[in-house]
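Subject: Structure handover

Hello,

Here is the structure we spoke about. My notes on it follow below.

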Amino acid sequence: MRLLPFSNYNLKTPKILDALNEASRSLAELKGFANSIPNQHILINAITISEAKDSSAIENIVTSHDSIYKVLTESGFKEDAAKEVVDYRSAIWRGYSLIKEKGFISTNVLIELQSMIEPNKTGIRKTPGTNLVNSKTGEIIYTPPQAEREIRDLLKNLEDYINDYDDETDPLIKMALIHYQFETIHPFYDGNGRTGRILNVLYLVLSKLLDSPILYLSNYINKHKDEYYRLFTEFRENDEYENWIVYILKGVNVTSKNTIELIKQIQKEMDSYKEEFAKKLPKVYSDELLNTLFYEVYTKISYVEEKCRVTRQTAATYLNALVGVGLLEYEKIGRESIYKNTRLIDLLSKF
Ligand SMILES: Nc1ncnc2c1ncn2[C@@H]1O[C@H](COP(=O)(O)OP(=O)(O)OP(=O)(O)O)[C@@H](O)[C@H]1O
Ligand SMILES: [Mg+2]
């Protein structure tokens with residue numbers, strides 16, 4: 001396998017520059033727009049849950065928003081697929097806090113994230129036998145490096161490339177090359193795709209193209225999956241890097257626009273919810289309570305108690321009043337009472 005940087009490449013072809021221009025513009029718009037919104041945590045939570053669902057779907061882990069939220073409430077509800085999705089979102093948050101704290105992305109960070117996504121298959125591969133296989137025909141498409149020493153050296157090289165600020169290549173182009181290289185090294189037994197997709201967003205934050213982890217290509221990759229595999233293979237076999245880079249840049253452009261749209265809709269939903277809430281229940285309304293209802297799409301009495309600093313009795317009265325006017329739905333899961341913000345759930349399910 002080749003080491004980064006791939007120095008003989010012309011990264012300034014008209015096709016790349018055009019796509020880069022559009023992607024940079026859309027991404028900058030997303031960054032600015034997201035920063036203008038209060039309650040960043042609500043936004044990131046909502047976006048990462050959709051991403052976790054889409055990214056897991058690439059790996060054929062399919063579940064419903066409803067199951068995901070039930071797992072999130074920690075009510076003892078069990079569904080493996082939904083749990084994997086929730087673990088994926090935790091891995092994003094963990095990665096985000098690690099790079100905020102450390103200011104770089106190391107091999108150990110990637111190892112830790114993969115262990116959160118695939119708790120049973122952790123660590124860098126030690127025994128040979130891992131291949132990329134065509135899921136339809138079973139045919140081996142590519143055999144990644146097999147020796148642990150070689151994998152570690154390649155990851156070290158990738159780490160140096162990721163954290164090299166002297167390199168003047170645009171970070172978006174670097175992201176495309178990093179993603180290619182990471183998937184080609186394929187350091188783990190499983191979870192390489194998902195870990196690689198988290199690496200993408202963390203790299204955008206590290207390079208300051210974003211302030212929070214809110215841009216994800218999984219939905220785009222899902223929609224153009226055959227192309228993704230084909231371009232990946234053409235890059236590896238024939239050094240066709242231009243089409244690969246353009247594909248990723250287009251993904252950044254399209255996804256930035258979609259994410260701006262999603263944020264606008266969340267805002268709009270919060271505004272109209274707020275208006276209705278304040279009008280129908282003026283004595284119950286407070287900004288803290290509204291924010292609590294949008295923090296996760298499910299609320300529990302204990303959350304309201306804690307966030308709004310009221311007694312358990314008052315918290316229950318508030319939530320039941322909201323159910324009474326149709327702003328929440330009550331559900332009993334096991335022994336736990338859950339209050340669902342169905343409007344937010346519906347909005348996120350449509351995206
Ligand atoms: N047919 C293929 N052609 C090219 N690349 C492939 C092919 N199959 C898999 N890959 C690469 O390997 C990754 C999957 O590796 P792995 O199964 O370890 O990760 P995952 O997170 O479990 O899967 P996924 O990416 O499907 O969610 C893909 O994301 C892709 O980058
Ligand atoms: Mg897999």
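Helix α11 (residues 241–280) and helix α15 (residues 342–350) have axes that come within 11 Å and cross at roughly 160 degrees. Axes here are lines fitted to C-alpha atoms, for helices over the stretch in contact, and angles run from 0 to 180 degrees between N-to-C directions. Helices (H or I, at least four residues) and strands (E, at least two) are DSSP runs, numbered from the N terminus.

This is a predicted model, in which local features need pLDDT of at least 70 and side-chain atom pairs count only at pLDDT 80 or more, while totals for chains, interfaces and linings use all residues. Residues are numbered from 1 along each chain as its sequence is written, and chains are lettered from A and ligands numbered from 1 in the order in which they are written.

Back to the helix pair. The two helices, α11 and α15, are therefore roughly antiparallel to each other (angles under 35 degrees count as roughly parallel, over 145 as roughly antiparallel, 65 to 115 as roughly perpendicular and the rest as oblique). On the α11 side the contact involves Q265, I266, E269 and Y273, which meet R343, L344 and L347 of α15; contact requires C-beta atoms, placed from the backbone, within 7 Å. By class, the residues of this contact between α11 and α15 are 4 nonpolar, 1 polar and 2 charged. The classes are nonpolar for Ala, Val, Leu, Ile, Met, Phe, Trp, Tyr, Cys and Pro, charged for Asp, Glu, Lys and Arg, and polar for the others, Gly among them.

Next, the ligand. Ligand 1 is surrounded by 14 residues, the closest being E59, N192, G193, R194 and Y229 (a residue is near a molecule or strand if its C-beta atom, placed from the backbone, lies within 6 Å of it). Helices α8 (192–206) and α10 (225–238) each supply at least two residues of this shell. The shell around ligand 1 comprises 5 nonpolar, 5 polar and 4 charged residues.

There is also an open sheet of 3 strands, ordered β3-β5-β4, with antiparallel pairing; two strands pair if DSSP finds at least two bridges between them. β3 (298–299) and β4 (329–333) are at the edges with a single partner strand each, so one side of each has no neighbour in the sheet. β4 is joined to β5 (residues 336–340) by 5 bridges, and E331 has I338 in β5 as its bridge partner.

Two backbone details remain. The L4 to P5 peptide bond is cis, with omega near -5 degrees, and P5 sits in the segment before α1 (14–35). N60, in the loop between α2 (40–58) and α3 (65–72), is a residue other than glycine with a positive phi, near 65 degrees.

Regards

Definitions and conventions. Contact = placed C-beta atoms within 7 Å.
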